[in-house]
Amino acid sequence: MKIAFTGKGGSGKSTLAALFVGYLRATGRRVLAVDADVNVHLAPLLGVVADSAAALSHPDNVTAVRRHLLGTNPLVGGVDRFVATTPAGPGSGLVTLESGDPVLARHAVALDERTHVMHVGTYEPEDIGAGCYHGHLSILENLLSHLRPADGDWVVCDMVAGTDAFANSLHAQFDAIVVVVEPTPESVTVACRYRELAAAAGVADLVTLVGNKVVDDVDVDYLRRELGAEPFAVLRAQAGLRRARQAGDCPRPADLDDPAPLRRIAERVRPMPAERRAAQLRALHLKVAEQERARSQLGPA
């Protein structure tokens, strides 16, 4: 299963993703946690130091990962011919959650033999005025399209905040997308916009709205009214979780008054049919390829 956590910045999506990873680990699942937020919160929340040299988007790592993904695929002309939406093909090197997988061994931090953590990276000084984080995310798109988790395995991604996933193929890469919503106008606006774009992109059924930092029933009623739907799950404001974070401790499901929402989220996820995902990613790839062709003929806009 591949699940993404997103929402307005500050909604608690990174913390909820970390708690969900903790829940899965406690149930004995193999987990790959991927920190794809430019602010790089998930990795530290799991106790991992996010070193810039280890970031997936570091140029050396991009080349190494794409060299593995390329394998002997004759449909891709070389590592330098990868684009963000390049799909797996005959002879491609795939990625699994096996502890001996070469991509995991080289580019992930192992919390234990069943849990690995990657981070995409963030802006570096050399990127100032000349970099775009969407470019950093292209290696994540490549990785996700070549990932083949076994039954019972989980990939948990802390996504870019807001609706940025619709600027690339990330919205089509997951089996479920959890949009974390605070009971505030700003957070609700982001959630509603995400839902609208998901419908336009054909992935509305993958979106699950989860209320967070809820204090009382007034907050729940507010979310219900403004979202126009019942949140699938609600996490109350947690004093224990706040105290753990203030002490510098990684969040754990045990810090929650009621960890049941984590179980309910896991039980809700169903695998997207392979044919459906392939069709969506192919359409996006053709769109990107056409853009690349236009740029090569006409030059950059």
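This is a predicted model: local features need pLDDT of at least 70, side-chain atom pairs count only at pLDDT 80 or more; totals for chains, interfaces and linings use all residues.
Figure 1. Helix α1 covers residues 13-26, and its 14 residues, at 1.5 Å a residue, should span 20 Å. After the helix comes G28, whose phi is positive, near 85 degrees.

Figure 2. The buried residues of α1 are K13, S14, L16, A17, A18, L19, F20, V21, Y23 and L24.

**Figure 3. The crossing of helices α1 and α10.** Helix α10 is formed by residues 260-268, and its axis comes within 10 Å of the axis of α1, the two crossing at roughly 80 degrees. Angles of 65 to 115 degrees count as roughly perpendicular, and α1 and α10 are therefore roughly perpendicular to each other. On the side of α1 the contact is made by L16, L19, F20 and Y23, while α10 contributes L262, R263, I265 and A266.

**Figure 4. Aromatic rings around F20.** A pair of aromatic rings is described by two values, the distance of the centres and the angle of the planes. By the rule that ring centres lie within 6.5 Å, the count comes to four aromatic pairs. In one of them, F5 and F20 are 5.5 Å apart from centre to centre, with 55 degrees between the planes, and this pair is tilted. F5 belongs to strand β1 (residues 2-7) and F20 to helix α1, so that the pair links distant parts of the chain, 15 residues apart. Both F5 and F20 are buried. The rings of F20 and W154 also have their centres 5.5 Å apart, but their planes stand at 75 degrees, so this pair is edge-to-face. Here, too, distant parts of the chain are linked, since W154 lies in strand β5 (residues 154-158), 134 residues from F20 in helix α1. W154 is buried, as is F20. Together, F5, F20, Y23 and W154 form one aromatic cluster.

**Figure 5. Two arginines over the ring of F232.** R264 lies over the face of F232, at 4.4 Å from the ring centre. R268 also lies over the face of F232, in this case at 4.6 Å from the ring centre.

Key: Residues are numbered from 1 along each chain as its sequence is written. Side-chain values use heavy atoms; hydrogens and water are left out. Rings of Phe, Tyr and Trp (its six-membered ring) pair if their centres lie within 6.5 Å; planes under 30 degrees apart count as stacked, over 60 as edge-to-face and the rest as tilted. Helices (H or I, at least four residues) and strands (E, at least two) are DSSP runs, numbered from the N terminus. Buried means under 20% relative accessible area, exposed over 50%, partly exposed in between (1.4 Å probe, protein chains only). A charge sits over a ring if NZ of Lys or CZ of Arg is within 6 Å of the ring centre and within 35 degrees of the ring normal. The expected span of a helix is 1.5 Å times one less than its number of residues. Axes are lines fitted to C-alpha atoms, for helices over the stretch in contact, and angles run from 0 to 180 degrees between N-to-C directions. Angles under 35 degrees count as roughly parallel, over 145 as roughly antiparallel, 65 to 115 as roughly perpendicular and the rest as oblique. Contact means heavy atoms within 4.5 Å.
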